[in-house]
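Subject: Structure handover and what was found in it

Dear colleague,

I am passing on the structure that we talked about, together with some notes on what was found in it. Please open it first and keep it in view while you read.

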Amino acid sequence: MRYPVIFFDADDTLFDFEKTKQVALDALFAEAGFPSLEALKATYERINRQLWQEFEQGRVDQATLKVERFARFCAAAELAGDPEWLSTRYVHHLSQGADLLPGAEELVRTLHGQVRMALITNGLQAVQRPRFRKSEICECFEVIVVSEEVGIAKPDPEIFKITWQQMGRPAPSGILMVGDSLTSDIQGGNNFGIATCWYNPKKRPVPAEPKVDHNLSELADLPELVLGGHS
């Protein structure tokens, strides 16, 4: 077997976070009395993406992020709203969504019992834990590490070390990190010194950095790679 241990990212790798996010935004905007305009959603997306980048760079913590994104959004959109209340309600709506990407359940079920699996997410505890409890695939993971709970996030190698320790310190040469994000999943795998697999459904060009060991556009191709097939 090529990779007996798999570290999976959660959102946009196995879970359909884009769907969860859109449903949550629609519910929040309706609750807050905001107009449900695509331009407003795009403004929020831009601000949210910027703050998550700042978080990955260690410039802001998650407690600040989840409120600050709505403070910046209301200011940019010239909307009256309480960022604390908006954050609380948005987190609630996000926590209700456990939709998986096509093929994700089949993939996890196929690998379960053949390889050891862990889930590593940079998400918020109040969002991720309820979603994971709703999802039957999470019973297939030996370890689930949520960044907010351990105070460290990808791409910091320490969150990978925590996962590795919780799994009994398996040989690093047999671990594969699978994720959609170059900046957190792939860079994090590089930082920890394990092989990486970029889940790249849009078939974007593979960059020189961070190092991508395997590039897959279909989840269905992962078992062959993991169990000793193509690269």
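Predicted model: local features only at pLDDT ≥ 70, side-chain atom pairs only at ≥ 80, totals over all residues.

Residues are numbered from 1 along each chain as its sequence is written, and side-chain values use heavy atoms, with hydrogens and water left out.

Cores

In soluble globular proteins, nonpolar side chains tend to be buried together. A nonpolar core here is a set of buried Ala, Val, Leu, Ile, Met, Phe, Trp, Tyr and Cys residues joined through side-chain atoms within 4.5 Å, where buried means under 20% relative accessible area, exposed over 50% and partly exposed in between, with a 1.4 Å probe and protein chains only. The largest nonpolar core has 31 residues, of which F8, L14, L119, L176 and L222 touch the most other members. At least two residues of this core come from each of β1 (5–9), α5 (104–111), β2 (116–121), β3 (143–146), β4 (175–179), β5 (195–199) and α10 (222–226), and α5 gives the most, with four residues. These elements are DSSP runs numbered from the N terminus, helices being H or I of at least four residues and strands E of at least two. Apart from this core lies another, of 25 residues, among them F17, F55, L65 and F73.

Pockets and a cavity

Grid points are joined across faces, edges and corners, and a volume is the space filled by probe spheres set on the points.

The largest pocket has a volume of about 1200 Å³, and of the 37 residues that line it, D11, D12, K21, D180 and S181 are the closest to its centre. Helix α2 gives the most to this lining, with eight residues. The second largest pocket holds about 190 Å³ of space, and among its 14 lining residues F55, G58, G151, I152 and A153 are the closest to the centre.

There is one cavity of 30 Å³ or more by this rule, and V178, C197, Y199, L216, E218, L219 and L222 line the largest cavity.

Two single residues

D185 has its place in helix α9, and it counts as buried because its relative accessibility is 0%. The side chains of D185 and K154 are joined by a polar contact of 2.7 Å, that is, a pair of N or O atoms within 3.5 Å, of which, within protein, one must be able to donate a hydrogen and the other to accept it, and residues adjacent in sequence count only if both atoms are side-chain atoms.

V115 is found in the loop between α5 and β2, and it is buried because its relative accessible area is 8%. The C-alpha atoms of V115 and S147 are separated by 23 Å, the two residues being 32 apart along the chain.

With best wishes

Key. 1 Å grid on protein atoms, 1.4 Å probe; cavity = no way out; pocket = protein on both sides within 12 Å on 5 of 7 lines; lining within 4 Å.
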